[in-house]
Amino acid sequence: MKQNSTQVLYFTLSAYIDTGSLKYLPFFIVLFLYILIVGSNVLLIVVICVNRSLHEPMYIFLCSLFVNELYGSTSLFPFMLLQILSDVHNIFTLPCFLQILSIYTYGTVEFINLAVMSYDRYVAICHPLQYNSLMTSQKIVFLVSITWFTPFLSVGGTMFLSSSLQLCGNIINKIYCDNHSIIKLACKEPRVNNIYELLMTFLTVCVPLSVILYTYMRILKVCFSGSKQTRQKAVSTCTPHIASVINFSFGVSFEIIQSRFNMTHVPGVLRIFLSLYFLTCQPLFNPVLYGLNMSKIRSLCKKLVLMS
């Protein structure tokens, strides 16, 4: 189907499977997951906001992380619920680009937020006496601002380049809008788009991961040469963070591989599950992980639930 960009009014998401009357089963499963994600993340945001004892840098960065989980899941789940019930799986171009903006900024914010949290743990463990002078209120505001402002700037460039492409098709073989799928529909070789996307992937994934790797190398060095108390503090505060980084990196890695290579040999259901992993498991994983492993949050959550 040859057509230019002015004629593409909507995209068709071809990965949805027609299940007939059985569609209500996946609908209620997805709805249950979304309610669980919203409930758990909102609970922890409220706990951190209303308790002055948690108004510390580590918990402020955690609160930013939980807000991002809400933001990322909301960019997907309400749309998915509508598509499951619909017989025609189309999405207009503007909502499609807005969804791409939301999903990509979610992923970028997540990596930068995790890098900021690793820096905070590095200062707390490697420079405990200078922690309060290094992690000032102004610095916390700056780090949170960078975490949220930078992704919208970088993804905004992606959206500008993709929206200016001439397209010769409108079928996206996924269950949500994806920038690389749109680039593949371009009538001409989108060299600028590909270069910009690779550059942004490096800056928003590799750079934060490098910061995380460096800070944990320094933390490990201090732990091996420090006291038993230092090692216990490092384990209790760093274990949830390391698990979160590994979990999210796995989900994003598969999404990057899937967008760049031919994955037709992988079963369709497995491809769908793995492409949804970083948007589903991370928002569920983080509240459980931090809620159970951090004693302050765990005890305050119990109090809040008992009071309500």
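Cysteine 49 is partly exposed, at 45% relative accessibility. The model is a predicted one. In this model, which cysteine sulfur is closest to that of cysteine 49? The closest is the sulfur of cysteine 63, 4.1 Å away. That is too far for a bond, because a disulfide needs two cysteine sulfur atoms within 2.5 Å.

Cysteine 238 gives another burial value. Its relative accessibility is 4%, so cysteine 238 counts as buried.

## Two disulfides

How many disulfides does a search of the whole structure find? The search finds two. One of them joins cysteine 96 to cysteine 177, with the sulfurs 2.1 Å apart. The angle about this S-S bond is -125°, and the link of cysteine 96 and cysteine 177 is left-handed. Cysteine 96 lies in helix α4, residues 93–126. Cysteine 177 lies in the loop between β3 and α7. The pair therefore ties together parts that are 81 residues apart in sequence. Cysteine 96 is buried, at 0% relative accessibility. Cysteine 177 is buried as well, with a relative accessible area of 1%.

Another disulfide joins cysteine 168 to cysteine 187, with an S to S distance of 1.8 Å. Here the angle about the S-S bond is 110°, and the link of cysteine 168 and cysteine 187 is right-handed. Cysteine 168 sits in the loop between α6 (137–163) and β3. Cysteine 187 sits in the loop between α7 and α8. This pair ties together parts that are 19 residues apart in sequence. Cysteine 168 is partly exposed, at 21% relative accessibility. Cysteine 187 is partly exposed too, with a relative accessible area of 35%. Count the bonded cysteines along the chain, and the disulfides follow the pattern 1-3, 2-4.

## Three salt bridges

The salt bridge count comes to three. In one of them, lysine 23 pairs with aspartate 87, and the closest N and O atoms are 3.7 Å apart. This pair links distant parts of the chain, 64 residues apart. Lysine 23 is in the loop between β1 (10–13) and α1 (24–50). Aspartate 87 is in the loop between α3 (77–85) and β2 (90–92). Is lysine 23 buried or exposed? Lysine 23 is buried, with a relative accessible area of 15%, because the cut-off for buried is under 20%. Aspartate 87 has 65% relative accessibility and counts as exposed.

Glutamate 255 forms a salt bridge with lysine 174, and the closest N and O atoms are 2.2 Å apart. Glutamate 255 lies in helix α9, residues 228–260. Lysine 174 lies in the loop between β3 (171–172) and α7 (179–184). Glutamate 255 and lysine 174 are both buried.

Arginine 121 forms a salt bridge with aspartate 120. Their closest N and O atoms are 2.9 Å apart. Arginine 121 is buried, with a relative accessible area of 6%. Aspartate 120 is also buried, at 1% relative accessibility.

## A mixed sheet

In what order do the three strands of the open sheet stand? The order is β2-β1-β3, and the pairing is mixed. β2 and β3 stand at the edges. Each has a single partner strand, so one side of each is left without a neighbour in the sheet.

Strands of a sheet pair through backbone hydrogen bonds, either parallel or antiparallel. β1 and β2 run antiparallel, joined by three bridges. Threonine 12 has asparagine 90, in β2, as its bridge partner.

## A nonpolar patch

Which residues make the nonpolar surface patch of about 400 Å²? They are Leu199, Phe202, Leu203, Val207 and Val211. Phenylalanine 202 lies in helix α8, residues 191–225. Phenylalanine 202 is partly exposed, with a relative accessible area of 45%.

Definitions and conventions: Residues numbered from 1 in each chain as written. Predicted model: local features only at pLDDT ≥ 70, side-chain atom pairs only at ≥ 80, totals over all residues. Heavy atoms only, no water. Patch = residues over 30% accessible without salt bridge, like charges linked within 9 Å, V, L, I, M, F, W, Y side chains within 5 Å. Areas by Shrake-Rupley, 256 points an atom, 1.4 Å probe, with all protein chains shown as cover. Salt bridge = Lys/Arg side-chain N within 4 Å of Asp/Glu carboxyl O. Helix = DSSP H or I, 4+ residues; strand = E, 2+ residues; numbered from the N terminus. Buried < 20%, exposed > 50% of the residue type's maximum accessible area, 1.4 Å probe, protein only. Pairing = 2+ DSSP bridges.
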